[in-house]
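Let's take a walk through this one together. Have the sequence and the 3D view open, and turn the view as you read.

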Amino acid sequence: MNTLNKKTVDDIVVKGKKVLVRCDFNVPLKNGVITDENRIVKALPTIKKLIADGGKVILCSHLGKPKGEPKPELSLAPVAERLAQHLGQPVVFAADDCVVGENARAAVEAMKDGDVVLLQNTRYRVEETKNGEAFSKELASLCEIYVNDAFGAAHRAHCSTVGVTEYVDTSVVGYLMGKELQYLGNAVENPVRPFVCILGGAKVADKLSVIENLLNKADTLIIGGGMAYTFITAQGHKVGDSLVDETKIDYCKEMLKRAEEKGVKILLPIDNVATKAFPDPIDAPIETKVFPSTLIEDGWMGLDIGPESAKMFADAVKSAKTVVWNGPMGVSENPSLANGTVTVAQALADTDAITIIGGGDSAAAVNNLGFGDKMSHISTGGGASLEFLEGKELPGVAAANDK
Ligand code: AMP
């Protein structure tokens with residue numbers, strides 16, 4: 001497991017030891033029912049390994065944004081139930097509103113080797129997101145070893161991802177974290193070339209540093225979705241009412257220039273599916289018209305890449321050996337504006353290249369289309385994978401012991 005030189009669960013002896021594992025159980029819930037348990041399933045290999053090795057496995061995670069208060073609808077109780085079913089053994093849920101309270105202490109005290117306890121939502125505590133000392137110490141007081149397997153939260157320096165490690169001697173990363181770092185790390189630092197990156201989504205501003213970093217790594221950078229229109233404006237074209245960040249036009253000019261100097265190919269849409277208004281509701285039937293990127297008429301807004309662009313992007317994927325994709329090519333929530341995203345997803349499903357999906361909307365699109373198992377890796381962390389692509393060190397990873 002290549003984990004950028006961090007100790008992993010394979011480097012520790014856990015028999016009879018209390019092991020606190022930070023998981024990412026931030027699953028979507030509807031009326032108390034988990035609607036997608038991918039994150040629970042992805043956490044199982046580390047948990048099963050620690051159980052098999054005779055550790056006393058204490059799990060913790062955040063869920064949603066309770067903002068430092070107990071919110072019953074964001075309790076981790078449904079996760080405990082599903083986990084017990086997946087593991088085929090009881091998972092004791094320590095329902096303390098203060099997370100580390102009487103229930104948690106008693107449950108941990110009573111643990112035998114191989115037992116599993118789940119703590120309450122760490123964000124019930126206001127200190128959690130502030131990386132406060134007291135809560136970090138309380139978490140640390142429960143365990144002898146700490147494992148971080150929550151890639152989706154690794155870009156945040158919180159008590160349960162970073163603070164706790166200051167008070168525990170042994171801090172390592174789990175298998176899921178290792179897999180995320182291996183795929184994303186190899187893609188960015190040591191890609192099998194040609195390396196093609198596809199960026200989409202609404203705002204250029206959100207992905208500025210990603211673009212800048214990838215210009216030093218990728219052979220081809222494909223830009224679609226709403227963020228393409230600031231680039232197309234920077235090329236001197238009229239984009240009608242399409243989404244443009246006026247404050248970033250110069251930045252886009254600079255990126256286009258830099259790409260040329262570095263010999264990195266930037267592919268932008270050459271045609272666009274446009275509508276007269278943004279669909280409301282988002283999946284409402286809507287009239288569309290295709291415009292070339294050289295002229296989108298006033299009164300029309302580009303909401304998907306056009307058929308020629310979709311073909312061009314798919315062809316670029318065909319010639320790649322590594323592809324990283326983050327962000328949809330259009331308003332893919334609407335069937336009339338989803339063709340670009342579907343075509344790109346299909347191209348990734350069809351290639352033998354290493355394909356990595358950077359979480360969020362593109363991960364949802366790939367899964368909804370049934371292409372999930374055709375990808376080499378679908379990241380569990382949208383924000384974390386973006387920060388990784390920016391070249392930033394993730395605090396939750398940095399805090400683990402070096403090998
Ligand atoms: P992001 O969170 O930046 O990945 O953006 C995802 C959102 O971008 C999705 O909800 C899409 O509907 C939206 N989006 C994609 N393309 C466009 C576009 N051309 N104009 C406006 N919004 C878009």
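This is a predicted model: local features need pLDDT of at least 70, side-chain atom pairs count only at pLDDT 80 or more; totals for chains, interfaces and linings use all residues.

Reading across it, the order is β5-β6-β4-β1-β7-β8, and the pairing is parallel. The edge strands are β5 and β8 (170-173), each of which pairs on one side only. If you compare neighbouring strands in this sheet, they are turned by 25° against each other on average, direction ignored. Now zoom in on one pair: β1 and β4 run parallel and are joined by five bridges. Here lysine 18 stands opposite lysine 56, which is in β4. As background, strands of a sheet pair through backbone hydrogen bonds, either parallel or antiparallel.

Next, find helix α3, which covers residues 102-109. Which of its residues are buried? They are Ala104, Ala107 and Val108. Look down the axis of α3 and you'll see these buried residues fall within an arc of 95°, so they line one face of the helix. Over on the other side of α3, Glu102 and Glu109 are exposed. And what do the buried residues of α3 pack against? The answer is β1 (18-22), β4 (56-60), β5 (92-94) and β6 (116-119).

Strand β13 (residues 271-275) and β14 run antiparallel, with four bridges joining them. In this pairing, asparagine 272 has phenylalanine 291 of β14 as its bridge partner.

Stay in this part of the chain and look at the loop between β15 (295-296) and β16, where aspartate 298 is found. Is aspartate 298 buried or exposed? It is exposed, because 9 other C-beta atoms lie within 10 Å, and a residue counts as exposed at 12 or fewer. Aspartate 298 and glycine 240 are 58 residues apart in sequence, yet their C-alpha atoms are 4.1 Å apart in space.

Now for the ligand. Its shell is made up of 16 residues, and the closest are Gly201, Ala202, Gly225, Gly226 and Val331. The elements that give two or more residues to this shell are β16 (301-305) and α11 (360-368). Sorted by class, the shell has five nonpolar, seven polar and four charged residues.

Let's finish with the backbone. Most residues other than glycine have a negative phi, and most peptide bonds are trans. Arginine 193 and proline 194 are joined by a cis peptide bond, with omega about 0°. You'll find proline 194 in the loop between α5 (175-189) and β9 (195-199). Another cis peptide bond runs from aspartate 280 to proline 281, with omega near -5°, and proline 281 lies in the loop between β13 and β14.

As for phi, asparagine 31 is not a glycine, but its phi is positive, at about 50°. This asparagine is in the loop between β2 (29-30) and β3 (33-34), and it is exposed, with 6 other C-beta atoms within 10 Å. Asparagine 131 has a positive phi too, near 55°. Its place is in the loop between β6 and α4 (133-141), and asparagine 131 is partly exposed, with 19 other C-beta atoms within 10 Å.

Our last stop is valine 162, in the loop between β7 (145-148) and β8. Valine 162 counts as buried, because it has 24 C-beta neighbours inside 10 Å, and the cut-off for buried is 20 or more. Leaving aside residues up to four places away in sequence, valine 162 touches Asn131, Ala157, Pro395, Gly396 and Ala399. With asparagine 131, the separation is 31 residues in sequence and 7.3 Å in space, C-alpha to C-alpha.

Definitions and conventions:
Residues are numbered from 1 along each chain as its sequence is written. A residue is near a molecule or strand if its C-beta atom, placed from the backbone, lies within 6 Å of it. Ala, Val, Leu, Ile, Met, Phe, Trp, Tyr, Cys and Pro count as nonpolar, Asp, Glu, Lys and Arg as charged, and the others, Gly among them, as polar. The arc is that of the directions from the helix axis to the C-beta atoms. Two residues are in contact if their C-beta atoms, placed from the backbone, lie within 7 Å. Two strands pair if DSSP finds at least two bridges between them. Axes are lines fitted to C-alpha atoms, for helices over the stretch in contact, and angles run from 0 to 180 degrees between N-to-C directions.
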